[in-house]
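Visitor: I have a model open and want to go through a few spots in it. Can we start with the charged pairs and then move on to the strands?

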Amino acid sequence: MKENVKYIIRKAKTSDAEDIYYINKTSLGYDYELDKQRNNLESVLKDKTQVIFVADIGSKVVGYIHLTSYDVIYTDTHKNCLGLAVDNDYKRMGVGSALLNQGEIWAKDNGAVGIRLCSGVEREKAHQFYQSQGYEVTKLQKNIKKNRRLPVLIHHKNTHNNRQ
């Protein structure tokens, strides 16, 4: 562990991709190809509804937070935290708190009344961290998704309305 670590919080850049890849792999367990992560990062950085802030020590990124808009018809505008991760060597040094604080400032400045996030049931230390930052568990849910078998668009002739 490092003592008296000095870092700055700034917006992410494409050149941060390798450090973010390392954090995703070692801190979150996501072993997704570096080139694909770099491409995704480039897309996110161009999207004005999303932001990624990083904690930077010199030329090394040691943590990041990724937020996006959460605009639904059944509640006030929120921001959705899609990811918050800190390099294992820099945990418990205030990096996560600083990133979360910057995300909250961005959320408020962009019209949100709050931040929501989902955290895997197995990430108990993360839950403790969020609760120490004033976040509350509001419900438990299942994450349900469908990959790779999405339908192909087929144009159908509408014969229903053409009856004579």
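**Charged pairs and strands**

Guide: Arg38 forms a salt bridge with Asp35, with the closest N and O atoms 3.2 Å apart. Keep in mind that this is a predicted model.

Visitor: Where do Arg38 and Asp35 sit relative to each other in helix α2?

Guide: They are 3 residues apart in helix α2 (residues 34-46), so about one helical turn separates them. Arg38 is partly exposed, with a relative accessible area of 23%, whereas Asp35 counts as exposed at 51%.

Visitor: Arg10 and Asp16, buried or exposed?

Guide: Arg10 is buried, at 16% relative accessible area. Asp16 is buried too, at 3%.

Visitor: How many salt bridges does the structure hold?

Guide: It holds 7. Another one of them links Asp31 to Lys25, with the closest N and O atoms 3.9 Å apart. There Asp31 is exposed, at 56%, and Lys25 is partly exposed, at 40%.

Visitor: On to the strands. What does β4 pair with?

Guide: β4 pairs with β3 in the antiparallel sense over 8 bridges, and with strand β5 (residues 114-117) in the parallel sense over 4 bridges. The chain gets from β4 to β5 through helix α3 (residues 95-109), in a right-handed β-α-β crossover.

Visitor: Which residues stand opposite Ile65 and Asn80?

Guide: Ile65 stands opposite Leu84 in β4. Asn80 stands opposite Arg116 in β5.

Visitor: Why call β4 largely enclosed?

Guide: Because 8 of the 9 residues of strand β4 (residues 78-86) are buried.

Visitor: What about His66, buried or exposed?

Guide: His66 counts as buried because its relative accessibility is 14%, and the cut-off for buried is under 20%. His66 is in strand β3 (residues 60-70).

Visitor: What does the side chain of His66 make a polar contact with?

Guide: With the side chain of Gln50, at 2.6 Å. Beyond its neighbours within four places in sequence, His66 is also in contact with other residues, including Val44, Ile52, Asn80 and Leu82.

Visitor: Last one: what is phi of Arg92?

Guide: Phi is near 65°, a positive value in a residue other than glycine. Arg92 is in the loop between β4 and α3 and is exposed, with a relative accessible area of 79%.

How values were computed
Residues are numbered from 1 along each chain as its sequence is written. This is a predicted model: local features need pLDDT of at least 70, side-chain atom pairs count only at pLDDT 80 or more; totals for chains, interfaces and linings use all residues. Side-chain values use heavy atoms; hydrogens and water are left out. Helices (H or I, at least four residues) and strands (E, at least two) are DSSP runs, numbered from the N terminus. Buried means under 20% relative accessible area, exposed over 50%, partly exposed in between (1.4 Å probe, protein chains only). A polar contact is a pair of N or O atoms within 3.5 Å; within protein, one must be able to donate a hydrogen and the other to accept it, and residues adjacent in sequence count only if both atoms are side-chain atoms. Contact means heavy atoms within 4.5 Å. Two strands pair if DSSP finds at least two bridges between them. A crossover is right-handed if, with the strands pointing away from the viewer, the path from the first strand over the helix to the second runs clockwise. A salt bridge is a side-chain nitrogen of Lys or Arg within 4 Å of a carboxyl oxygen of Asp or Glu.
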